[in-house]
Amino acid sequence: MPEVEQIVLIGSAVAEGRPDPNAASYCAAKHGLKGFISTLILENPARDIRLFSPGYMATDMLPPTARHNKAVAEPQAVAAQFVDWASDQEASRHSFYRPD
């Protein structure tokens with residue numbers, strides 16, 4: 001069986017590092033994911049394990065309270081940045097979506 005070369009998980013710039021009102025279980029899951037990935041990276045420095053953390057995106061899942069947020073990104077822009085980052089062998093292990 002071939003070995004997996006890269007593992008990338010999706011976090012949340014909104015919910016993984018601070019409280020997210022009205023989203024307790026989602027927030028807890030993203031906090032846990034960040035801790036899990038951070039630990040895996042420390043335990044397996046030779047493995048390409050990464051975490052990508054986008055913010056709000058203009059999708060049907062966008063919370064009503066975020067609809068007027070100026071930081072809402074277009075999914076295509078987030079996807080393009082994700083692919084560039086995931087393809088870069090020298091990129092950091094944790095990346096946040098940054099608008100151009």
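Reader: Is Arg47 buried, partly exposed or exposed here?

Author: Arg47 is partly exposed in this predicted model, and its relative accessible area comes to 38%.

Reader: Which residue does Arg47 meet in a salt bridge?

Author: That would be Glu3: the two side chains come together at 2.8 Å, N to O.

Reader: Where do Glu3 and Arg47 lie?

Author: Glu3 belongs to the segment before β1, while Arg47 is in the loop between α1 and β2, so their pairing ties together parts that are 44 residues apart in sequence. Glu3 itself is exposed, at 59% relative accessible area.

Reader: And how many salt bridges does the count come to?

Author: The count comes to 2. Besides Glu3 with Arg47, there is Arg50 with Asp48, where the closest N and O atoms are 2.6 Å apart.

Reader: Nice. Are Arg50 and Asp48 buried or exposed?

Author: Arg50 is buried, with a relative accessible area of 1%. Asp48 also counts as buried, at 18% relative accessibility. The cut-off for buried is under 20%.

Reader: What ring does the charged end of Arg50 sit over?

Author: The ring of Trp85, with the charged end of Arg50 placed 5.2 Å from the ring's centre. Trp85 is buried, at 8% relative accessibility.

Reader: Since we've reached rings, how many aromatic pairs does the structure hold?

Author: There are 3 aromatic pairs. One of them joins Phe52 and Phe82: the ring centres are 5.1 Å apart and the planes stand at 75 degrees, so this pair is edge-to-face.

Reader: Why is that called edge-to-face?

Author: Because planes over 60 degrees apart count as edge-to-face, and the planes of Phe52 and Phe82 are at 75 degrees.

Reader: Which parts of the chain does the Phe52 and Phe82 pair tie together?

Author: Phe52 is in strand β2 (residues 48–53) and Phe82 is in helix α2 (residues 75–87), so the pair links parts that are 30 residues apart in sequence. Phe52 is buried at 2% relative accessible area, whereas Phe82 is partly exposed at 23%.

Reader: How about Phe52 and Trp85, what form does that pair take?

Author: Phe52 and Trp85 make a tilted pair, 5.5 Å from centre to centre with 35 degrees between the planes. Here too a residue of strand β2, Phe52, meets one of helix α2, Trp85, so the pair ties together parts that are 33 residues apart in sequence. Put together, ring pairs link Phe52, Phe82 and Trp85 into a cluster.

Reader: Switching topic to Ser53. Where is it placed, and is it buried or exposed?

Author: Ser53 is in strand β2, and it is buried, with a relative accessible area of 0%.

Reader: What does the side chain of Ser53 make a polar contact with?

Author: With the side chain of His94, at 2.8 Å. Leaving out residues up to four places away in sequence, Ser53 touches a set of residues that includes Gly11, Ser12, Glu16, His94 and Tyr97.

Reader: Last one: what is the phi of Asn22 like?

Author: The phi of Asn22 is positive, about 70 degrees, although this residue is not a glycine.

Reader: Where is Asn22 found, and is it buried or exposed?

Author: Asn22 is found in the loop between β1 (6–10) and α1 (24–43). At 83% relative accessibility, Asn22 counts as exposed.

Terms used: Residues numbered from 1 in each chain as written. Predicted model: local features only at pLDDT ≥ 70, side-chain atom pairs only at ≥ 80, totals over all residues. Heavy atoms only, no water. Phe/Tyr/Trp six-rings, centres within 6.5 Å; stacked < 30°, edge-to-face > 60°. Helix = DSSP H or I, 4+ residues; strand = E, 2+ residues; numbered from the N terminus. Buried < 20%, exposed > 50% of the residue type's maximum accessible area, 1.4 Å probe, protein only. Lys NZ or Arg CZ within 6 Å of the ring centre and 35° of its normal. Polar contact = N/O pair within 3.5 Å; in protein donor to acceptor, adjacent residues only side chain to side chain. Contact = heavy atoms within 4.5 Å. Salt bridge = Lys/Arg side-chain N within 4 Å of Asp/Glu carboxyl O.
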